[in-house]
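Please look over the structure shown here together with the briefing below, which is organised by topic for a reader who works with computed models.

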Amino acid sequence: MTGITRRTVLGTGLAVAGSGLLTACSDATSGMDHSSGGGAAPSASDYLAPDGKEVAAAEARRPHGPERKVRLTAVETRLDLGGGRTVRSWAYGDDLPGKEVRVTAGDTLALTLANNLPQATSVHWHGLALRNDMDGVPGVTQRAIAAGSSFDYRFAVPHPGTYWFHPHSGVQQDRGLYAPLIVEDPREPLKYDREWVIVLDDWVDGVDGSTPDAVLAELSQGMGGMDHGGSGGMGHDGSGGMEHGGSDGMEGHDMSNMSMASGTSVRTANARRAPSPAPSGPSRMLMGASSDLLGDDAGDVGYPHYLINGRTPDSPSTFTAKPGDRIRLRIINAGGDTAFRVALGGHRLTVTHADGFPVQHTRADALLLGMGERIDALVTARDGAFPLTALAEGKNSTALAVLRTGGGAAPAASVRPEELKRRVLHGGQLTADASVRLGTERPDRTIEFRLTGSMAKYDWAVNGRKYDPAQRYPVRSGERVRLSFVNATTMWHPMHLHGHTFALADGGARKDTSIVLPGRRLAVDFDADNPGLWMVHCHNVYHAESGMMTVLGYLK
């Protein structure tokens with residue numbers, strides 16, 4: 001692919017080893033706003049309000065087409081995962097995933113959420129550049145939707161693409177509260193016969209007494225001094241051990257000799273920490289989740305089940321088509337703590353979009369998606385029954401769905417197509433389509449986010465500071481802003497920006513969620529064209545809830 005530069009990472013593996021610490025950015029400068037000018041830090045009154053006139057004016061400038069009315073109910077319910085396995089959980093209606101919402105770019109979405117859950121909730125519209133007061137972050141853009149009440153979300157939907165929605169309230173996303181949001185392009189340039197929406201998930205809620213809150217309580221106790229995610233070593237690449245610019249340090253690799261290491265669950269209490277709420281159910285803490293793509297610590301949680309479209313591999317969902325059909329796959333990783341490597345047995349994929357935005361078409365055997373990421377791909381279906389397998393990266397488990405175009409036995413639940421071992425592509429390797437490529441202007445402002453924390457203490461944070469909604473990093477409307485994520489931990493983090501899409505370096509893909517490898521730097525640029533207060537956070541729900549979140553604020 002033209003326009004992308006990549007550096008080799010310590011031999012054939014992508015795990016960062018090395019011996020140097022992340023010393024290029026000292027604590028004295030971590031998190032510094034490197035824009036021109038000085039003076040005192042802005043006060044809360046210096047920032048635009050989510051419901052202010054500037055936000056209303058930005059919304060008025062967006063196209064407002066037909067209104068699409070939707071009613072959504074968040075409920076406690078019993079969900080069928082397949083194979084006679086049911087769980088008690090929270091969901092949108094009785095469906096897992098929730099019922100797809102489909103609109104056309106330019107439409108106005110008017111969705112009412114009725115909260116029938118036993119606690120407050122919210123809805124965040126992941127990836128959409130919408131009006132700030134509809135972004136769904138309690139304590140920042142709206143009040144939480146109390147149990148027994150409802151809230152009306154109403155906003156213009158500006159951009160076509162594959163999106164999804166979920167709560168931004170505690171660890172509720174790791175229950176069944178998620179659903180696809182598909183925004184059709186009224187001038188769709190792709191030609192295809194069918195469309196297959198594929199939602200990946202890791203599942204723990206309601207299994208043997210486990211809940212996401214209990215998992216967080218266990219993780220929050222730490223690992224008793226076994227540090228698997230602290231300030232870590234950097235690979236030497238001729239730049240002080242740090243990857244500069246837009247590279248996330250990941251390459252497309254031939255994985256024919258890869259090792260799919262299995263993780264081991266443990267429960268250890270850290271006696272030095274204050275007592276946490278008692279975890280319920282068996283231990284879900286994971287050790288040894290090694291990945292050639294993500295490093296030696298690919299995840300914190302050993303889930304009992306991995307799902308595609310709400311089904312376990314022993315009772316998979318089946319997508320029916322005809323031989324020769326050209327199918328558009330819209331793949332969404334709705335997991336809480338799991339990256340998935342996805343392949344369709346007997347087929348190669350042509351990637352067309354990343355996080356909703358078009359890219360130069362690129363061929364691959366398998367795709368890697370971190371939590372929150374989406375990839376669209378085209379495939380021409382062969383005749384037969386074929387496994388769509390999602391390998392839980394580093395966890396030695398899989399999810400399964402089936403593409404059926406003809407006769408033949410269904411794939412076995414444990415099948416692992418050879419394509420998983422071949423060329424694996426991820427969003428950081430893609431080139432933006434010319435129609436959406438960001439210009440080459442130099443940034444007016446650079447903000448450095450140092451990702452900190454460890455498994456030992458489970459103290460994930462940004463610039464060493466746990467999430468505080470009053471802590472904000474300033475930007476101004478009209479600026480080109482560069483975010484520099486410096487991963488000072490030995491775990492990978494899928495970093496997500498609300499309300500905007502950023503551009504990866506050297507003409508890279510337009511995205512809203514990108515993987516930052518351990519011990520690496522990732523620089524991304526965006527145009528500050530959507531006023532308000534916007535979250536930046538790790539999309540590992542447990543990292544985020546433990547503190548790896550912060551806020552970008554537009555100044556008045």
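The points that follow cover strand pairing and then salt bridges in this predicted model.

**Strands and sheets**

- Six strands form an open sheet with mixed pairing, in the order β25-β24-β27-β32-β29-β30, and its edges are β25 (461–462) and β30 (510–511), each of which pairs on one side only.
- Within that order, strands β24 (residues 445–452) and β27 (residues 480–487) run parallel and are joined by 7 bridges, with Glu448 standing opposite Ser484 in β27.
- Strand β28 (residues 493–497) pairs with β31 in the antiparallel sense over 4 bridges, and Pro494 has Ile515 of β31 as its bridge partner.
- Along strand β31 (residues 513–516), Thr513 and Ile515 point one way while Ser514 and Val516 point the other way, and all of these residues are buried.

**Salt bridges**

- The structure holds 31 salt bridges, and one network of them links Glu100, Arg102, Glu184, Glu188, Glu195, Arg328, Arg330 and Asp376.
- Asp314 and Arg85 meet through their side chains at 3.5 Å, N to O, connecting the loop between β13 (305–308) and β14 (318–320) to strand β2 (residues 85–92) across 229 residues.
- Asp314 counts as partly exposed because its relative accessibility is 47%, and Arg85 is likewise partly exposed, with a relative accessible area of 26%.
- Glu393 forms a salt bridge with Arg341, where the closest N and O atoms are 2.6 Å apart; Glu393 lies in the loop between β21 (385–392) and β22 (397–404) and Arg341 in strand β16 (residues 340–344), 52 residues apart, and both residues are buried.
- The salt bridge of Arg175 and Asp205 has an N to O distance of 3.3 Å, and both of its residues are buried.

Technical notes. Residues numbered from 1 in each chain as written. Predicted model: local features only at pLDDT ≥ 70, side-chain atom pairs only at ≥ 80, totals over all residues. Heavy atoms only, no water. Pairing = 2+ DSSP bridges. Helix = DSSP H or I, 4+ residues; strand = E, 2+ residues; numbered from the N terminus. Buried < 20%, exposed > 50% of the residue type's maximum accessible area, 1.4 Å probe, protein only. Salt bridge = Lys/Arg side-chain N within 4 Å of Asp/Glu carboxyl O.
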